Structure formats: C-alpha cells, structure tokens
Amino acid sequence: MYCASREDDIPSDSSPLTFPVVVDHDEIPDGGSKAWCAVLGSFLAQFCGFGYASAFGVYQEYYSRVYLSHESPSAISWIGGLSAFFVTAIGPICGLLHDRGYFYLVFVGGAFLQSFSLFMLSLAQPGSYYQVFLAQGIGSGVAQGLMYVPSYAVLSQHFCKRRALVMSIVASGASLGGVVHTIMLNKLINGPIGFATGVRISAGLVTVLLFISCSLIRTRYEIRHDALPVNTWKAAMKCVTEVPSLLMVTAYLFFQTAYLYPFFYFQLESVQHGLSTSFSFYSLVIVNAASFCGRLSAGVIAHFIGVVDLTIFSTLACAVLLGGMIGLSSMESFIVLGLLYGLLSGMNIAMMAPFMALIATNPSELGVRMGISFAITGFGLLVGSPISGALLTKQYIWWAPALFCAIIAFIGGILFVILRMRITRPPEARRQSLPESLKVNE
C-alpha cells in the first residue's frame with residue numbers, strides 16, 4: 001500500500017520535487033472512528049512518553065539543588081539526555097517489529113515499562129545517583145522509545161492526505177504533557193508532599209492515561225508475523241545512501257544536539273538569575289505551552305508553505321533564539337524568549353515525522369526508515385545536554401552553552417537549506433542526482 005504525496009508538501013515554486021507513489025487513494029480512509037481513536041491514543045502516548053521527558057527541567061533543577069546536589073549539572077543532565085536518547089535510539093527495533101505486525105506487543109510493553117519505571121523512581125534514595133539513572137535514564141527512556149515510533153507509524157495505516165495534520169496533533173501531545181507534568185511535578189516534589197509521594201502520584205496519572213491509550217489504538221490491518229514485508233536492510237540503507245534522506249537526518253542530528261538545552265536548563269537558569277521561585281517554577285511551563293501551540297499549528301502552516309520550508313525557517317529561528325539566551329536576565333526576557341523558542345521548536349519537531357514520511361516513498365518501509373532516522377538523530381539528544389552542562393560548569397557560565405547550541409542549530413539549518421536547494425534544481429539535473437526511488441516523470 002502506498003500513499004500519494006501532495007503538491008503542498010513542498011511549495012510549488014522553483015520546480016518542486018514531489019515524491020511519487022503508486023497508490024489507490026481509496027485504500028486509506030483518512031478518517032473514521034477507528035482512525036481518530038488511534039490519533040487520540042497516540043496523543044496520550046506522546047503525552048505520557050516524550051511529554052514526561054520534556055518536564056525533565058523540573059528534575060534537573062531539583063536534583064541540582066536538593067536530591068543529587070553533590071553531582072555536577074553535566075552528570076545530572078546525562079539522566080535526561082539518556083532518557084531522550086532511548087526514545088529514538090531503539091526506533092529501528094520498534095520500527096521493524098511494527099512492520100512485522102508486532103505493534104501491540106511493543107506498544108503495550110512500553111506502556112507497562114513506563115509505569116513501572118516511574119514507580120521505581122519514587123523509591124530512589126536521596127544522593128543515590130545510580131538508582132535515579134537506572135529508573136529514569138534507562139527504564140523510562142526505553143519505555144518511551146517502545147511507544148514513540150509505533151505511535152507515529154500506525155497513523156500511516158489510517159491517514160494519507162491528512163497525515164501531516166494528524167502527526168502534528170499527535171506531536172503536540174508531548175508539549176501538552178510537558179506543561180501538565182511540569183506544573184504537577186513542581187507542585188508535588190517541591191511542596192510538602194515530597195519527592196517519593198509526588199513521583200508516585202505522577203506515575204499513577206501516567207498509568208491511567210496509558211491504559212486508555214492502549215485501549216484506543218487499533219491497527220487497520222494485520223501483518224503476518226512470519227513474513228518480512230520489506231527488505232529491511234535495503235530500507236535502512238536508504239536513510240544514509242539517498243542524498244535527500246542523508247541531508248535530512250544529518251540536519252536533524254545537529255538541531256537535536258541543541259534542541260533540549262532550554263527544556264533542561266531554563267528553570268535552573270531563571271533560579272540562578274535571582275528571579276522569584278514562583279516564576280522560575282512556571283518558566284518551563286511557558287516553553288512547553290508555546291511548544292504545544294507550535295506543534296498543533298505546524299500541520300496547518302505546513303499545508304500552505306510546505307514541510308521543508310517550515311523546517312528551514314523554524315531551525316534557523318531557533319538558532320537565533322538559542323544565541324539570544326546569552327542575554328537572559330529579566331523576567332520579561334525569559335517570557336519572550338521562552339514563548340518564541342517553544343513555539344518555533346515545537347513546529348520543527350512536529351515536522352520530523354511528516355518529513356520522514358515525505359522521504360519514504362514506500363509506506364511499507366516507513367516503520368524501519370523512521371526508526372533508523374530517529375535513532376541517528378537521537379545521538380544529538382544524548383550528547384547535547386551533557387555537553388551543555390559541561391560548558392556550564394558549577395560556576396554557571398551561561399553564555400558558553402548558549403553559544404554552542406546556537407552554532408550547532410545554525411549548522412542544522414544550513415543543511416536543510418542545502419536540501420531545499422537540491423530538490424529545487426532544474427528537472428534534468430535533479431533527476432540525475434536523485435536516487436531511483438525519488439525520480440519522477442516530469
């Protein structure tokens with residue numbers, strides 16, 4: 001089964017590249033109760049998965065100040081960085097299992113592990129770095145990864161023309177989760193309830209929502225477990241041998257190296273700049289709330305300007321804003337920068353899955369190709385925050401990590417520009433340089 005690409009995926013100017021397919025449009029319903037239940041279930045999975053990781057700034061600040069105060073900011077950020085890395089790193093395995101028909105086993109297993117890991121985190125003792133690292137960095141990270149790629153890939157069975165829209169809706173679940181979990185965790189672990197009980201309450205909410213998620217998501221068709229539907233090796237190699245795919249993956253690798261810096265350090269920075277405790281607790285909420293709006297609106301905006309151009313704009317704008325973090329000092333500057341960065345970074349992340357779906361001309365390869373692409377870009381999530389923490393040091397030299405992240409994000413933006421220029425070359429020159437799977441009849 002294939003899904004036709006749309007002319008508005010890439011703007012119509014300059015002889016745009018369209019990614020051709022052979023498809024029977026009637027095969028994909030593009031709606032219906034089953035399809036929208038899958039969207040809601042995937043939304044809740046993102047809310048409880050990557051949405052929880054988006055609230056790590058609360059843990060970063062609390063661990064630095066109270067629970068793991070003897071550890072450096074870099075060491076603490078390895079916990080959140082590893083968790084975010086696992087979200088995408090195990091994507092190839094999850095994508096392959098999804099393509100072979102094991103969606104429910106992978107997804108439900110991830111939901112169970114997420115709940116279990118958070119309850120185990122509540123048992124971690126103060127000052128016990130390894131206990132927190134195992135429960136939150138590894139356990140919760142692997143759990144989120146088991147749900148992440150399948151929650152996106154399953155949507156391709158239900159939607160074609162609305163795919164960018166529904167994927168942006170699902171992506172917004174992570175930002176809304178970041179808002180809710182940030183407020184909830186700040187009130188609980190920084191309040192009279194304390195760390196252990198606060199985390200257990202949070203884990204209870206996650207458990208209930210993931211149970212609903214697992215009940216809602218249903219695949220549209222079943223795949224035989226004993227048959228490999230695609231050439232896995234061939235599909236995986238396309239991610240690094242096809243020039244458009246390679247440029248896309250490399251660009252996202254650079255951007256994601258810088259992406260999480262505000263999410264991990266924004267609240268800590270506001271505290272260190274002497275702003276009120278109440279505002280500092282909500283500074284990260286501002287970023288996540290704006291990110292929710294950005295992710296939710298990205299699908300609509302992409303309909304008019306295209307996935308590629310929206311990605312270029314948001315990446316370069318985020319690079320400028322990351323550099324602007326050097327000048328943070330007042331409450332007003334934190335609010336403005338937090339709103340703008342959250343909005344634009346949310347748009348950028350929401351376009352990742354549609355971008356990968358745009359590149360993958362064969363939907364039967366989508367799980368594998370998304371998994372490989374997410375895994376490669378995940379290395380940016382793994383090393384970015386620890387590098388920023390090392391540059392920050394215990395003396396809190398705030399300009400160093402901000403400048404580093406701005407440069408890295410800018411490089412990612414330039415790579416996206418190169419990709420855009422490549423796909424808008426004259427038709428004959430473009431056909432000679434593109435892989436066979438992306439060549440079209442002009």
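Contacts first. In the protein chain, 83% of the contacts with a separation of 6 or more are between residues 24 or more positions apart. Contact here means heavy atoms within 4.5 Å.

A word on the source. This is a predicted model, where local features need pLDDT of at least 70 and side-chain atom pairs count only at pLDDT 80 or more, while totals for chains, interfaces and linings use all residues. Residues are numbered from 1 along each chain as its sequence is written, and side-chain values use heavy atoms, with hydrogens and water left out.

How confident is the predictor? pLDDT is its confidence in each residue, from 0 to 100. The protein chain averages 82. A score of at least 70 is reached by 85% of the residues. One is residues 4–26, with 59 contacts beyond four places in sequence. Another is residues 427–442, with 32 such contacts.

Now the overall build. The protein chain has 19 helices and 0 strands. Both are DSSP runs, numbered from the N terminus: H or I of at least four residues for helices, E of at least two for strands. Of the 442 residues, 60% count as buried. Buried means under 20% relative accessible area, exposed means over 50%, and partly exposed lies in between, with a 1.4 Å probe and protein chains only.

Next, helix pairs. Axes are lines fitted to C-alpha atoms, for helices over the stretch in contact, and angles run from 0 to 180 degrees between N-to-C directions.

Take helix H1, residues 33–48, and helix H7, residues 129–153. Their axes come within 9 Å and cross at roughly 155°. H1 and H7 are therefore roughly antiparallel to each other. The cut-offs: under 35 degrees is roughly parallel, over 145 roughly antiparallel, 65 to 115 roughly perpendicular, and the rest oblique. The crossing of H1 and H7 is left-handed. That means the near helix is turned anticlockwise from the far one by less than a right angle; clockwise would be right-handed. Which residues meet? From H1, Ser42, Ala45 and Gln46; from H7, Met147, Tyr148, Ser151 and Tyr152. By class, this contact has 4 nonpolar, 3 polar and no charged residues. Ala, Val, Leu, Ile, Met, Phe, Trp, Tyr, Cys and Pro count as nonpolar, Asp, Glu, Lys and Arg as charged, and the others, Gly among them, as polar.

The second pair is H13 with helix H15, residues 331–350. They pack at an angle of about 35°, with axes 6 Å apart. This crossing is right-handed. The contact includes Ile286, Ala290, Gly294 and Ala298 of H13, and Phe334, Gly338, Gly342 and Gly346 of H15. The contact of H13 with H15 divides into 16 nonpolar, 6 polar and 1 charged residues.

Stay with H13, residues 277–305, for Asn288. Is Asn288 buried or exposed? Asn288 counts as buried, because its relative accessibility is 0%. Leaving out residues up to four places away in sequence, Asn288 touches Ser54, Ser175, Gly178, Val179, Thr182 and Phe263.

Last, a loop. Thr393 sits between helix H17 (366–392) and helix H18 (399–423). Thr393 is not a glycine, yet its phi is positive, about 65°. Tyr396 is in the loop between H17 and H18 too. Phi of Tyr396 is near 55°, again positive in a residue other than glycine. Thr393 has 24% relative accessibility, so it counts as partly exposed. Tyr396, at 24%, therefore counts as partly exposed.

Terms used
pLDDT is the predictor's confidence in each residue, from 0 to 100.
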